[in-house]
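This report describes a single protein chain together with its ligand. Please keep the sequence and the structure in view while reading.

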Amino acid sequence: MGLLCEGLGVKEDRLKELSCLDARVMAAHYYPYCPQPELTKGLTPHTDPGVLTVLVQNEMTGLQVKFEEDWVDLEPIPGAIVINIGDILQIISNDEYKSVEHRVLANPFQEPRVSVAIFFNPGQRENLYGPLPELISDEKPAVYREFMFNDYMGRFFSKELDGKTLTNYYRISN
Ligand SMILES: O=C(O)CCC(=O)C(=O)O
Ligand SMILES: [Fe+2]
(Lines give C-alpha, C1' and ligand atoms only; values in the text may rest on other atoms or scores of the structure.)
(Ligands and ions follow the chains in the order given, each with its own letter.)
Protein backbone atom coordinates (compact mmCIF):
# COMPACT_ATOMS: atom_id res chain seq x y z
CA MET A 1 0.00 0.00 0.00
CA GLY A 2 2.88 2.32 0.92
CA LEU A 3 4.42 1.71 -2.51
CA LEU A 4 1.15 2.43 -4.29
CA CYS A 5 0.76 5.71 -2.38
CA GLU A 6 4.36 6.58 -3.18
CA GLY A 7 3.72 5.91 -6.88
CA LEU A 8 0.79 8.32 -6.78
CA GLY A 9 2.71 10.90 -4.74
CA VAL A 10 0.07 10.89 -1.99
CA LYS A 11 0.51 10.54 1.78
CA GLU A 12 1.46 7.05 2.92
CA ASP A 13 -1.62 5.01 3.86
CA ARG A 14 -3.95 7.41 2.07
CA LEU A 15 -5.59 4.46 0.35
CA LYS A 16 -6.02 2.66 3.67
CA GLU A 17 -7.58 5.76 5.22
CA LEU A 18 -10.29 5.55 2.60
CA SER A 19 -11.20 2.11 3.96
CA CYS A 20 -10.19 0.70 0.64
CA LEU A 21 -8.71 -2.57 1.76
CA ASP A 22 -11.08 -3.72 4.46
CA ALA A 23 -13.00 -6.38 2.65
CA ARG A 24 -11.46 -9.52 1.26
CA VAL A 25 -13.29 -11.89 -1.02
CA MET A 26 -11.75 -15.14 -2.18
CA ALA A 27 -12.45 -17.13 -5.35
CA ALA A 28 -10.97 -20.55 -6.04
CA HIS A 29 -10.90 -21.62 -9.69
CA TYR A 30 -10.53 -25.14 -11.08
CA TYR A 31 -10.03 -25.52 -14.83
CA PRO A 32 -10.37 -29.21 -15.79
CA TYR A 33 -9.10 -30.71 -19.05
CA CYS A 34 -11.17 -29.41 -21.96
CA PRO A 35 -11.23 -31.67 -25.05
CA GLN A 36 -12.26 -28.80 -27.38
CA PRO A 37 -10.55 -25.69 -25.96
CA GLU A 38 -10.99 -23.74 -29.19
CA LEU A 39 -14.76 -23.66 -28.65
CA THR A 40 -14.82 -21.96 -25.27
CA LYS A 41 -12.89 -20.00 -22.60
CA GLY A 42 -11.88 -20.96 -19.07
CA LEU A 43 -12.78 -17.46 -17.87
CA THR A 44 -14.10 -14.69 -20.11
CA PRO A 45 -12.20 -11.39 -20.51
CA HIS A 46 -12.73 -8.96 -17.65
CA THR A 47 -11.04 -6.46 -15.39
CA ASP A 48 -11.19 -7.03 -11.64
CA PRO A 49 -13.63 -4.65 -10.00
CA GLY A 50 -11.96 -3.85 -6.68
CA VAL A 51 -8.71 -2.21 -5.61
CA LEU A 52 -6.17 -5.04 -5.83
CA THR A 53 -6.24 -8.77 -6.52
CA VAL A 54 -3.63 -11.20 -5.27
CA LEU A 55 -3.55 -14.36 -7.38
CA VAL A 56 -1.81 -17.67 -6.73
CA GLN A 57 -1.78 -20.27 -9.49
CA ASN A 58 -0.35 -23.74 -10.02
CA GLU A 59 2.19 -24.27 -12.75
CA MET A 60 -0.27 -24.57 -15.64
CA THR A 61 -0.45 -21.88 -18.33
CA GLY A 62 -3.75 -20.32 -19.38
CA LEU A 63 -3.85 -16.83 -17.88
CA GLN A 64 -3.51 -14.09 -20.51
CA VAL A 65 -3.46 -10.28 -20.24
CA LYS A 66 -4.42 -7.87 -22.98
CA PHE A 67 -1.62 -5.64 -24.20
CA GLU A 68 -2.77 -3.19 -26.85
CA GLU A 69 -4.70 -5.45 -29.25
CA ASP A 70 -2.92 -8.71 -28.33
CA TRP A 71 -3.47 -11.39 -25.71
CA VAL A 72 -0.18 -12.18 -23.98
CA ASP A 73 0.49 -15.40 -22.01
CA LEU A 74 1.44 -14.94 -18.38
CA GLU A 75 3.80 -17.85 -17.81
CA PRO A 76 3.49 -19.02 -14.19
CA ILE A 77 6.69 -18.55 -12.16
CA PRO A 78 6.98 -21.09 -9.32
CA GLY A 79 6.51 -19.35 -5.97
CA ALA A 80 5.45 -16.03 -7.52
CA ILE A 81 2.11 -14.31 -7.02
CA VAL A 82 0.29 -12.14 -9.55
CA ILE A 83 -1.01 -8.75 -8.41
CA ASN A 84 -3.79 -7.20 -10.48
CA ILE A 85 -4.82 -3.59 -10.29
CA GLY A 86 -8.62 -3.34 -10.14
CA ASP A 87 -11.04 -0.80 -11.60
CA ILE A 88 -11.49 1.06 -8.31
CA LEU A 89 -7.75 1.73 -8.06
CA GLN A 90 -7.77 2.98 -11.66
CA ILE A 91 -10.62 5.34 -10.76
CA ILE A 92 -9.32 6.65 -7.40
CA SER A 93 -5.85 7.14 -8.94
CA ASN A 94 -7.51 9.26 -11.67
CA ASP A 95 -6.07 6.92 -14.34
CA GLU A 96 -2.48 6.88 -12.97
CA TYR A 97 -2.85 3.12 -12.50
CA LYS A 98 -4.66 1.00 -15.09
CA SER A 99 -6.71 -2.13 -14.47
CA VAL A 100 -5.69 -4.70 -17.03
CA GLU A 101 -8.09 -6.85 -19.01
CA HIS A 102 -7.36 -10.56 -18.57
CA ARG A 103 -8.86 -13.96 -19.35
CA VAL A 104 -8.11 -17.66 -18.92
CA LEU A 105 -7.99 -20.08 -21.86
CA ALA A 106 -9.79 -23.40 -21.65
CA ASN A 107 -7.32 -26.02 -20.45
CA PRO A 108 -6.07 -28.35 -23.22
CA PHE A 109 -3.90 -30.40 -20.82
CA GLN A 110 -4.80 -33.48 -18.77
CA GLU A 111 -3.56 -31.82 -15.59
CA PRO A 112 -6.06 -29.33 -14.16
CA ARG A 113 -5.20 -25.68 -13.71
CA VAL A 114 -5.98 -24.28 -10.26
CA SER A 115 -5.88 -20.70 -9.04
CA VAL A 116 -6.94 -18.77 -5.95
CA ALA A 117 -7.72 -15.06 -6.14
CA ILE A 118 -8.12 -12.76 -3.15
CA PHE A 119 -9.93 -9.53 -3.97
CA PHE A 120 -9.29 -6.46 -1.85
CA ASN A 121 -12.38 -4.29 -2.21
CA PRO A 122 -13.56 -1.06 -0.63
CA GLY A 123 -14.87 -1.92 2.81
CA GLN A 124 -17.44 0.87 2.98
CA ARG A 125 -19.82 0.01 0.18
CA GLU A 126 -22.03 3.05 0.72
CA ASN A 127 -19.22 5.61 0.76
CA LEU A 128 -18.58 7.69 -2.31
CA TYR A 129 -15.53 6.73 -4.39
CA GLY A 130 -13.93 8.83 -7.08
CA PRO A 131 -10.50 10.29 -7.93
CA LEU A 132 -8.52 11.29 -4.80
CA PRO A 133 -8.87 15.08 -4.35
CA GLU A 134 -5.07 15.43 -4.11
CA LEU A 135 -4.75 13.97 -7.61
CA ILE A 136 -7.10 16.50 -9.18
CA SER A 137 -5.77 19.79 -10.52
CA ASP A 138 -6.40 22.27 -13.31
CA GLU A 139 -3.89 20.38 -15.43
CA LYS A 140 -5.39 16.99 -14.53
CA PRO A 141 -9.13 17.37 -13.84
CA ALA A 142 -11.14 14.46 -12.44
CA VAL A 143 -11.56 11.79 -15.09
CA TYR A 144 -14.38 10.04 -13.19
CA ARG A 145 -17.48 11.06 -11.26
CA GLU A 146 -18.15 9.77 -7.75
CA PHE A 147 -20.27 6.70 -7.10
CA MET A 148 -21.05 4.16 -4.38
CA PHE A 149 -19.22 0.84 -4.53
CA ASN A 150 -22.62 -0.88 -4.16
CA ASP A 151 -23.75 0.75 -7.38
CA TYR A 152 -20.56 -0.38 -9.05
CA MET A 153 -20.91 -4.02 -7.96
CA GLY A 154 -24.57 -4.10 -9.04
CA ARG A 155 -23.45 -3.10 -12.52
CA PHE A 156 -20.50 -5.51 -12.46
CA PHE A 157 -22.73 -8.53 -11.83
CA SER A 158 -25.38 -7.52 -14.38
CA LYS A 159 -23.05 -6.52 -17.22
CA GLU A 160 -22.38 -8.71 -20.20
CA LEU A 161 -19.67 -11.29 -19.63
CA ASP A 162 -17.21 -9.81 -22.07
CA GLY A 163 -14.65 -7.08 -21.73
CA LYS A 164 -14.12 -3.74 -20.12
CA THR A 165 -16.99 -1.34 -19.96
CA LEU A 166 -17.43 -0.31 -16.34
CA THR A 167 -14.72 2.28 -15.80
CA ASN A 168 -16.04 3.99 -18.91
CA TYR A 169 -19.50 4.12 -17.37
CA TYR A 170 -18.21 6.49 -14.64
CA ARG A 171 -15.86 8.41 -16.94
CA ILE A 172 -16.65 12.09 -17.34
CA SER A 173 -16.83 12.87 -21.03
CA ASN A 174 -15.49 16.31 -21.92
O1 LIG B 1 -7.65 -18.15 -12.78
C2 LIG B 1 -6.96 -17.15 -12.98
O3 LIG B 1 -5.74 -17.18 -13.13
C4 LIG B 1 -7.61 -15.79 -13.04
C5 LIG B 1 -8.77 -15.60 -12.12
C6 LIG B 1 -9.37 -14.24 -12.25
O7 LIG B 1 -9.05 -13.48 -13.13
C8 LIG B 1 -10.37 -13.77 -11.29
O9 LIG B 1 -10.77 -14.54 -10.39
O10 LIG B 1 -10.78 -12.61 -11.38
FE1 LIG C 1 -9.76 -11.50 -12.74
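The sections below go from the overall fold to particular residues.

## Basis of the report

This is a predicted model, in which local features need pLDDT of at least 70, side-chain atom pairs count only at pLDDT 80 or more, and totals for chains, interfaces and linings use all residues. Residues are numbered from 1 along each chain as its sequence is written, while chains are lettered from A and ligands numbered from 1 in the order in which they are written.

## Overall form

The chain contains five helices and ten strands. Along its principal axes, the C-alpha trace spans about 55 × 35 × 30 Å.

Of the 174 residues, 25% count as buried. A residue is buried if 20 or more other C-beta atoms lie within 10 Å of its own, exposed if 12 or fewer, and partly exposed in between, with C-beta atoms placed from the backbone. Two residues are in contact if their C-beta atoms, placed in that way, lie within 7 Å. Among contacts between residues at least 6 apart in sequence, 72% join residues at least 24 apart.

## The nonpolar core

A nonpolar core is a set of buried Ala, Val, Leu, Ile, Met, Phe, Trp, Tyr and Cys residues joined through C-beta atoms within 7 Å. The largest one here has 14 residues, and those with the most contacts inside it are Val51, Leu52, Ile88, Leu89, Ile91, Ile92 and Tyr129. Helix H3 (87-92) and helix H4 (149-158) each supply at least two of its residues. H3 gives the most, with four residues.

## Strand E3 and its partners

Two strands pair if DSSP finds at least two bridges between them. Strand E3 (residues 52-57) runs antiparallel to strand E6 (residues 82-85), with four bridges joining them; Val54 has Ile83 as its bridge partner in E6. E3 is also antiparallel to strand E8 (residues 113-121), through six bridges, and Leu55 stands opposite Ala117 in E8.

## Around ligand 1

Which residues are around ligand 1? They are Ala27, His29, Leu43, Asp48, Leu55, Gln57, Leu63, His102, Val104, Ser115 and Ala117, each with its C-beta atom, placed from the backbone, within 6 Å of the ligand. Strand E1 (23-31), E3, strand E7 (102-105) and E8 are the elements that give two or more residues to this shell.

## Residues in loops

Most residues other than glycine have a negative phi. Asn94, however, has a positive phi near 55°, and Asp95 has a positive phi near 75°. Asn94 lies in the loop between H3 and E7, where Asp95 is also found. Asn94 counts as buried because it has 21 C-beta neighbours inside 10 Å, whereas Asp95, with 15 other C-beta atoms within 10 Å, is partly exposed.

Glu146 is placed in the loop between strand E9 (128-129) and strand E10 (147-148). With 12 C-beta neighbours inside 10 Å, Glu146 counts as exposed. Leaving aside its neighbours within four places in sequence, Glu146 is in contact with Leu128, Tyr129 and Gly130.
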